[in-house]
Amino acid sequence: MDILILICILLLSAPAVSELEVTGIIGESVLLSCDLNSSTAIDTSRLRFYWQDKSGKVLYSFNKGEENQHQGNLYTNRTKAFGSEMSSGNISIKLSQVTLEDKQNVYWAFPTLFDENDKHILELIKVCRATLLVAARFPTPSVTVNKTNMNTTCSTQGGYPQPVVTWTIQDVLLAQNRTLDPWEVQTKRQPDPESGLYTVWSQVNIRENQTVTCHIFNPVLRETVSNTTIVNSNQSINTDPAGDVQEGFSLIIIVVITTVLILFCFGVGGRGYFVYKKRCRASGGTKEVEGKNHQGNGIVETELCTGVGRHQTF
């Protein structure tokens with residue numbers, strides 16, 4: 001009688017097919033969910049179910065307490081069921097170590113119940129269906145500024161699938177904030193030949209006094225990673241061919257250098273002004289003016305003793 005009641009409950013409550021779309025992160029685990037929606041405890045010694053992909057490979061099998069008697073090689077040591085919850089109708093499994101080979105795969109669950117005489121009393125065809133989308137998160141991109149060419153480069157790698165790259169620029173002086181059009185952006189997206197994960201490179205032209213932000217959008221995970229840099233006139237950041245970032249001259253250094261050059265031109269090198277001491281002789285009303293020129297040579301000149309002194313230009 002209990003078996004008949006259980007059959008009726010399952011027949012009335014089980015949907016034709018439960019369809020799910022799940023997202024798995026490469027290298028992590030994902031849940032393929034399925035519930036028989038039974039309000040009466042199920043005797044697991046009379047339960048058989050298995051999960052199969054669209055190519056016919058078996059992910060997981062459970063046959064009256066025995067697991068994975070017919071498992072495909074692709075899924076060896078990668079699947080696990082929830083034994084303590086099977087009696088309540090939970091025949092979900094966990095698929096570990098998600099890979100790119102799993103992308104866009106479709107999985108079905110096939111459960112069967114037996115009576116005391118080991119005869120089928122209920123067989124539900126494809127009660128659950130799950131389509132697996134595969135993704136990998138992109139790290140926060142690095143952003144570098146080249147003041148020589150007046151452009152900004154954004155790069156990141158190790159994500160999946162191919163991302164959408166956008167740039168926003170805020171002009172401080174003009175108080176404008178806009179998203180750049182595709183024709184203003186140079187972007188390359190290249191999958192790694194071994195891992196299949198993407199490397200992304202993007203570049204835009206810039207001006208002084210702008211705040212520039214690079215956005216990397218993952219269409220499967222529906223998430224965006226961004227990074228921002230500020231371009232101003234007081235500091236320049238240049239990236240050399242080796243990728244090293246070098247700080248430019250600050251305004252203070254420029255002022256110091258300019259001051260030294262001025263002192264050199266008007267006090268040390270070239271044509272300079274020198275003050276000479278003078279001695280007035282009593283005889284003849286003349287004076288001797290002596291000193292050194294910029295080459296260190298001694299100079300003695302005579303002139304009339306008038307005034308208190310003079311400057312000689314060389």
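At what relative accessibility does Glu184 count as partly exposed? Select Glu184 and let's find out: the value is 21%. The cut-off for buried is under 20%, so Glu184 falls in the partly exposed class. Keep in mind on this tour that the model is predicted.

**Stop 1**

**Stop 2: Asp102 and Arg78**

Next, select Asp102 together with Arg78. Here the salt bridge has its closest N and O atoms 2.7 Å apart. Colour the chain by secondary structure to see what is being joined: this pair links distant parts of the chain, 24 residues apart. Asp102 sits in the loop between strand S7 (93-95) and strand S8 (105-114), while Arg78 belongs to the loop between strand S5 (66-67) and strand S6 (79-81).

**Stop 3: Asp43 and Arg46**

Now move to Asp43 and show Arg46 with it. This is another salt bridge, with 3.7 Å between the closest N and O atoms. Relative accessibility is 38% for Asp43, so this residue counts as partly exposed. Arg46, with a relative accessible area of 23%, is partly exposed as well.

**Before you close the viewer**

How many salt bridges does a search of the whole structure find? The count is six, and the pairs visited here are among them.

Technical notes:
Residues are numbered from 1 along each chain as its sequence is written. This is a predicted model: local features need pLDDT of at least 70, side-chain atom pairs count only at pLDDT 80 or more; totals for chains, interfaces and linings use all residues. Side-chain values use heavy atoms; hydrogens and water are left out. A salt bridge is a side-chain nitrogen of Lys or Arg within 4 Å of a carboxyl oxygen of Asp or Glu. Buried means under 20% relative accessible area, exposed over 50%, partly exposed in between (1.4 Å probe, protein chains only). Helices (H or I, at least four residues) and strands (E, at least two) are DSSP runs, numbered from the N terminus.
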